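Subject: the structure we talked about

Hi,

Here is the structure I promised to pass on. Have a look at it first, and my notes follow below.

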Amino acid sequence: MSRQTVILPITGMTCANCAMNISRGLKKLPGVSEANVNVATEQASVVVDPDSASTGDLIRQVEKMGFAVTSARIDFPVTGMTCANCAMNLERALGRKVPGVVAAAVNFAAERATVDYLPSMATPDDLAAAVAKAGFGALIDADGAPEDAEARARQREIREQTRKFRIGIAFALPLFVISMARDFGLTGPWSHQPWMNWLFLCLATPVQFYTGWDFYVSGLKSLRNKSANMDVLVAMGSSTAFAYSLAVLLLPGLGGHVYFETSAVIITLIKMGKLLEARTKGKTGSAIRKLMGLRPKTATVIRDEKEYEIPIDKVCVGDALLVRPGERIPVDGQVTDGASSVDESMLTGEPIPVDKKAGDTVAAGTINGQGIIGFRATRVGRETALAQIIRLVQEAQGSKAPIQALADRVAAVFVPAIILIAVLVFIVWWVAAGDFVTAMIRMVAVLVIACPCALGLATPTAIMAGTGKGAERGMLFKNSRALEEATRLTTVVLDKTGTVTEGKPVVTDLVPDTDGGVTSEELMVLAASVEKGSEHPLGRAIVQKAKESGLTLVAPKAFQAHGGHGVTGQVKGRAIRVGKPHWFDGPSGMISRELAGRIVDFQSQGKTVMVAGEADRLLGLICVSDQIKADSPSAIAGLKRMGLETVMLTGDNRQAAETIGRQAGVDHVEAEVRPEDKALRVKGLQATGKTVAMVGDGINDAPALAQADVGFAIGTGTDVAIETAEVILSAGSLTGVPRAIALSRATMATIRQNLFWAFFYNAVLIPVAAGALYPVESLPMMLRQLHPILAALAMAFSSISVVSNSLRLYRTKIADS
């Protein structure tokens with residue numbers, strides 16, 4: 001059964017209950033195995049079997065629950081159709097083969113296609129490729145391609161809410177001022193005339209049923225989905241005050257005072273809070289928008305020795321491109337002409353430009369320096385490093401951290417519990433005070449002050465800010481579980497080659513067996529020829545040295561790699577063996593005592609010694625050294641300052657490994673570890689109760705990265721390591737590890753602060769609203785009898801405070817070590 005992740009941008013959610021309702025509804029569909037809905041990003045991440053449920057099915061399910069999914073529509077001419085069957089085949093190809101397509105309609109007579117799709121999953125370029133693959137042509141004008149439909153929908157929603165808030169202010173403010181002035185005796189007898197209450201009704205009605213209409217609609221959606229959200233509380237509280245006031249107006253015998261200003265101000269204040277929350281919440285997603293803004297709209301390609309400026313979507317793999325000083329590089333590629341320095345800070349977080357020359361790679365979105373460079377496109381569209389970073393950040397922001405489970409459980413029962421508490425408060429006060437109005441005011445205050453939104457936003461807004469901050473600094477968290485788990489780490493295991501060291505070993509010493517007539521040149525030719533069949537970094541270093549020396553190598557025959565020992569092969573009819581010294585310590589006694597002493601000396605200098613032999617004859621020694629990265633000691637020192645134990649794993653002999661370990665400053669060194677045993681070493685540490693991180697960059701690190709509680713992949717490493725790890729350090733520097741751990745600690749601290757505030761706010765203010773402080777006569781009356789308007793004001797700012805606290809993460813300084 002195939003699996004596909006669909007990202008749905010959803011509008012209309014107002015609190016965490018909405019997100020949970022959508023998640024439950026989506027999981028009811030056949031084929032949906034996972035549905036995470038994030039109220040902060042306003043997106044749903046759905047893992048679905050496309051054969052069981054289509055993207056359209058998911059959207060219809062969301063719309064059935066009363067919410068909307070933002071999609072874009074594009075209309076374009078199609079060439080090559082010859083009959084109505086062509087149109088049907090193309091419809092099927094677009095609808096089934098392109099992830100993110102909601103609906104596709106192809107008109108054979110007009111030779112046009114109309115496609116509704118999710119911009120977060122598909123692009124006009126993807127549609128054009130699908131049309132071409134089906135055997136037709138698509139004339140899509142990139143200049144007419146849709147803008148960011150999701151961003152437009154968000155802005156449209158904010159504009160509509162702003163308009164409603166302004167209407168609310170226009171009517172609620174004079175209503176509140178006149179009503180308060182009358183209550184405090186600041187107006188004349190005219191304000192106590194019966195017609196004044198009718199004026200209050202006229203002022204309150206637009207606020208109640210225009211500004212506050214969204215609360216009714218959202219509340220009804222929630223109840224229809226067999227749940228209850230914050231809007232139910234707001235609608236109940238404001239409607240109670242409005243309905244009582246209307247009853248007093250129509251039946252004067254019920255009482256003499258109306259509370260139209262209470263209902264109107266409650267709605268206006270909460271609308272203001274939701275508006276500010278939406279705008280503040282939007283800032284937590286600034287990292288994604290910043291990354292998207294790095295993509296240039298056009299590129300300069302060279303065809304037939306002429307320059308053409310074309311839309312970025314039209315660039316193909318293999319195209320020759322030109323980038324002038326100060327321009328952004330449009331796609332990933334390899335430099336063919338010229339030299340320049342490139343600012344890669346958007347990818348790596350490192351501010352120092354990187355020199356580029358022919359043969360070097362460049363990435364989309366980075367900025368060219370002073371030189372003009374020509375390069376050939378190697379990855380375009382969704383395959384570029386920038387596009388993959390955006391996807392990783394979106395997926396991380398859409399995932400749920402384990403710490404959110406508690407808030408979700410509370411939010412699920414919060415509103416029904418508050419309604420029950422409000423009813424009990426009403427009954428208790430009516431019985432105790434014998435006054436219906438007092439009891440009603442208490443009940444409204446409880447309904448209005450309760451805030452499940454702060455609970456729902458506490459975790460996702462911090463996750464958004466934390467992962468966004470990480471992306472800006474070259475640290476990519478694939479999911480929020482890794483972000484949380486990184487705070488619990490006790491031990492960091494480091495692979496040596498390519499992680500602690502440069503991963504580019506070089507030959508430093510040659511010791512041929514001159515007594516046996518072996519020359520340095522013969523030793524290098526035989527050893528390098530065998531190593532031509534090897535992918536090991538040490539083998540490649542020997543081959544590189546031979547090439548630099550101008551030696552002619554031959555392809556080995558019967559090549560075989562012996563894991564953890566070395567390699568063998570036939571070179572010019574001679575059986576050559578190259579490997580670790582212990583491999584030659586057999587009964588043949590090929591390594592003399594004098595030579596063994598030299599091996600120990602070399603190893604004590606941190607060099608790796610390779611022995612070359614033929615049958616029972618020693619050919620000589622080859623010493624290889626891999627330099628420690630300049631920033632590895634400071635990074636490891638930073639990990640130690642954070643209270644973390646450091647362990648280095650390497651296949652090197654113990655003497656060389658201990659030397660590298662001392663230079664790097666690690667706590668423990670595990671030497672002579674075979675590649676397949678790395679995961680077992682990690683598992684062994686976990687068995688002692690330690691929470692382990694693994695940092696690596698190679699294919700042989702992948703099992704250990706998967707075994708570790710958190711896997712960190714150095715961004716310059718192999719695709720397998722990067723795919724396996726949960727955190728990617730795109731700068732290729734070990735300093736990213738302490739930075740990432742520091743960021744995770746700062747993010748989790750923010751989440752805990754948010755959750756504390758959300759729980760504390762409700763735990764303290766709900767009893768205050770219920771009248772728990774009324775017997776304490778030393779307190780001011782505003783606390784003893786909390787007015788619903790003050791309750792609404794407190795509720796409006798509770799969510800904003802949580803979101804604002806999350807935004808502080810963007811200003812947090814994450815030290816390099």
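To start with a detail: in which helix does Gln 603 lie? Gln 603 is part of helix α20. Before more on that residue, please keep in mind that this is a predicted model.

**The whole protein**

The protein has 817 residues, and 54% of them count as buried. The C-alpha trace spans about 120 × 75 × 50 Å along its principal axes. On the secondary structure side, there are 28 helices and 30 strands. The accessible surface comes to about 34900 Å², with 57% of that belonging to carbon and sulfur atoms. Of the contacts with a separation of 6 or more, 69% are between residues 24 or more positions apart.

**Domains and annotations**

The protein is divided into domain 1 (4-69), domain 2 (72-143), domain 3 (148-273), domain 4 (316-379), domain 5 (474-500 + 628-741) and domain 6 (502-627). Note that domain 5 is listed as two pieces, 474-500 and 628-741. The centres of domain 2 and domain 6, taken over C-alpha atoms, are separated by 59 Å.

From UniProt (an unreviewed entry), the annotation "domain: HMA" covers residues 4-70 and 72-139. I looked at residues 4-70: that part of the chain is 33% helix and 34% strand, and its end C-alpha atoms are 19 Å apart.

The unreviewed UniProt entry also places the feature "transmembrane region" at residues 165-186, 198-220, 232-251, 257-276, 410-432, 444-465, 755-774 and 786-807. I checked two of those spans in the model. Residues 410-432 are 100% helix and 0% strand, with end C-alpha atoms 31 Å apart. For residues 257-276 the figures are 85% helix and 0% strand, and the end C-alpha atoms lie 33 Å apart.

Leaving aside neighbours within four places in sequence, Gln 603 is in contact with Pro 581, Val 609, Asn 653, Gln 655, Ala 656 and Thr 659.

Phe 584 sits in the loop between β23 (574-579) and α20 (593-604). Is Phe 584 buried or exposed? It counts as buried because its relative accessibility is 1%. Not counting residues up to four places away in sequence, Phe 584 touches Arg 577, Val 578, Gly 579, Met 590, Ile 591, Val 611, Ala 612 and Gly 613.

Gln 388 lies in helix α12 (residues 385-398). At 27% relative accessibility, Gln 388 counts as partly exposed, because that category runs between the 20% and 50% cut-offs. Once neighbours within four places in sequence are set aside, Gln 388 is in contact with Arg 379, Arg 382 and Glu 383. Gln 388 and Asn 479 are 91 residues apart in sequence, and C-alpha to C-alpha they are 14 Å apart in space.

That's what I have so far. Over to you!

Cheers

Definitions and conventions:
Residues numbered from 1 in each chain as written. Predicted model: local features only at pLDDT ≥ 70, side-chain atom pairs only at ≥ 80, totals over all residues. Heavy atoms only, no water. UniProt positions renumbered as here; feature names shortened; annotations may be inferred. Helix = DSSP H or I, 4+ residues; strand = E, 2+ residues; numbered from the N terminus. Buried < 20%, exposed > 50% of the residue type's maximum accessible area, 1.4 Å probe, protein only. Contact = heavy atoms within 4.5 Å. Areas by Shrake-Rupley, 256 points an atom, 1.4 Å probe, with all protein chains shown as cover. Domains from an automatic or database assignment.
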